[in-house]
Amino acid sequence: MQRALSVSRMTGNRSTFPEWYQAVVREADLAENSPVRGMMIIKPWGYGVWEEVQRDLDRRIKETGHVNAYFPLFIPLSFFAKEAEHVEGFAKEMAVVTHHRLKTVNGKLEVDPEAKLEEPLIVRPTSETIIGDAFSRWVRSYRDLPLLINQWANVVRWEMRTRLFLRTSEFLWQEGHTAHADEADAREETLRMLEVYRAFSEETLAMPVIAGEKPENERFPGAVATYSIEAMMQDGRALQAGTSHYLGQNFARAQNIRFQSAAGELEYCHTTSWGASTRLMGGVVMTHGDDDGLRLPPAIAPRQVVIVPILRDKPEDAEVLSYGEALAKALTATTTLGERTRALLDVRGQRSADKRWDWVRRGAPIIVEIGPRDAAAGQVTFMRRDQLRDGEKIASRSMPLGEFVASVPALLAEMQVSLFAEAKAMLDANIRTDIRSWDALAEYFGAAPDDEDEAVAFRGWVRAPWSRPTGAALDAVEARLKTLKLTLRNIPQDQSGASGQCLFTGEPAVEDVLIARAY
RNA sequence: CGGAGUGUGGCUCAGUCUGGUAGAGCACCGCGUUCGGGACGCGGGGGUCGCAGGUUCGAAUCCUGCCACUCCGACCA
């Protein structure tokens, strides 16, 4: 089959899926590596997708009562020393600013040793500490609570190994930080935001997820409880797509976030934090991409309908162009998924065939072609990106212009739903619930995971009953799973009552846990 | 920080073993024919061959040192 990409995602070979992923990111013009190791350049089409992601998620965050603010990029080193677990979790990946001036020595630019900072500054890896510091001044009374703040920002974590969008040294995200008068209110907030992420991921990104609580060894440093949404990529691996943390009073104590209660008592707040990042973009690629490139859910496509005019440097070109302009204008006047339909007439000088495939690779949901024949007949010819091919043929349809314009909003809405349904079917079909012993688990995931050369068949997730071991017993489980390159993803929220015994300990099970290879 | 590998035009790479003064495909520019399912012909622009030193009449090629990147591992809310 003729493909837009030189590598296929579905060969069953473990090594080609990452190559396919990189090819899609490049060919869809989303992002590229930068001169700075591990940091990416997000290109206009990729940033356009991020802007749609931001817009929709921001609306949901505001609808749940939060307001946006902005805090500094640099955090004094001493702020991290206040929460022991927190600093331990991030210490190994911090970028540190130690000087504030350069000078020229023998024609060379060097750091001026006399410009050393009194106290080093950390480039934020996350903002709990600096926002908590502000909270300690903002909160006085129970009447100031709850304090519901969000910020859109970039953060830096000095990662050893990076991949575009999935793990980069700098990434863009939103981080919510809230303070509450009591535990119940804070825990409710934590779960509310988990649900916002779940709904956003499924409705807007068309990316089905499993929401649940992380086992204690996977908790955010300093958190009392961590929750996540986990999405299944097309190679079967799990991607943590968003997290929400109940921080208890740990950060409040460390940073003195206190309030006077109605009874006049001085109490520590209960705080939460939650975040989702540009990693979501990688999730969209690995959920919806195919061998022709990216497929974008209409809700996050910067252009939902792209019109490619067939031009031949002949007089009738003008007619085709004005026909295209009228079509773009008519489409823009319609409403799709609650917003103005985003249409574009592609008037670039490239050949029509090249432009068409460019938009296929970028994942534009509907690609319209109009030529002299369409203009004369008052019709359009179009293809939908989610059903591009009928066997080896490109599947296109023709329709009278007026009818097409009227049907686009419903068509895009249908594509949004069908992309989700496709991914949901894939997720549901690939969670094994019949594996009840370590031996069966080992057999399923392969006894020799170190043999990278061998083509490996697709592996999904396993949902199995467990006894929720803690401490050293959990460490032992984790170490054992590591021999199969597996991790505990989360404890799904929708528990239907566990039965039988724990897959790891043999003790009576209390609930199900998700086991998978992860990104 | 360990193990392996790679640095040659914008991209993918050949050429290195056996030294002779830089190539292919794609992309780009021009002209023409084309264009409704990834065009073709002709012409053209673009590279201090990762950096520094050495051997040599002559180095992309041989030697020494350094640097960068990729993959595997360690690490990864």
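Begin by selecting helix α9: on one side of this helix, A318, S322 and K329 are exposed.

**Stop 1**

Keep α9 selected and colour V320, Y323, G324, L327 and L331, which are buried. Look down the axis of α9: its buried residues fall within an arc of 100°, so they line one face of the helix. Next, display what covers these buried residues; the cover includes the strands β17 (305-309), β20 (343-345), β21 and β22, together with the helices α11 and α12 (401-429).

The length of α9 may also be checked in the viewer. Helix α9 runs over residues 317-332, and at 1.5 Å a residue its 16 residues should span 22 Å. Its end C-alpha atoms are 22 Å apart, which agrees with that expectation.

**Stop 2: L296 in its loop**

Select L296, in the loop between α8 (279-288) and β17. Is L296 buried or exposed? It is buried, because 30 other C-beta atoms lie within 10 Å, and the cut-off for a buried residue is 20 or more.

Now show the contacts of L296, leaving aside its neighbours within four places in sequence: they are V49, A301, G363, A364 and P365. L296 and T162 are 134 residues apart along the chain, and their C-alpha atoms are separated by 24 Å.

**Stop 3: the surface near RNA strand B**

Select RNA strand B and the 35 residues around it; A4, F220, W357, G371 and S396 come nearest. The elements that give two or more residues to this surface are α10 (352-362), β21 (366-370), α11 (372-377) and β22 (379-384). Which element contributes the largest share? Helix α10 does, with four residues. Colouring this surface by residue type gives eleven nonpolar, ten polar and 14 charged residues.

**Stop 4: confidence**

Finally, colour chain A by pLDDT. The chain averages 91, and 96% of the residues score at least 70. Select residues 448-456, over which pLDDT stays under 50; the model has nine contacts beyond four places in sequence for this stretch. Where pLDDT is low, the predicted coordinates should not be read in detail. For the model, the scores are ipTM 0.85 and pTM 0.94.

Methods:
Residues are numbered from 1 along each chain as its sequence is written. Chains are lettered from A and ligands numbered from 1 in the order in which they are written. This is a predicted model: local features need pLDDT of at least 70, side-chain atom pairs count only at pLDDT 80 or more; totals for chains, interfaces and linings use all residues. A residue is near a molecule or strand if its C-beta atom, placed from the backbone, lies within 6 Å of it. Ala, Val, Leu, Ile, Met, Phe, Trp, Tyr, Cys and Pro count as nonpolar, Asp, Glu, Lys and Arg as charged, and the others, Gly among them, as polar. The expected span of a helix is 1.5 Å times one less than its number of residues. A residue is buried if 20 or more other C-beta atoms lie within 10 Å of its own, exposed if 12 or fewer, and partly exposed in between; C-beta atoms are placed from the backbone. The arc is that of the directions from the helix axis to the C-beta atoms. Two residues are in contact if their C-beta atoms, placed from the backbone, lie within 7 Å. pLDDT is the predictor's confidence in each residue, from 0 to 100.
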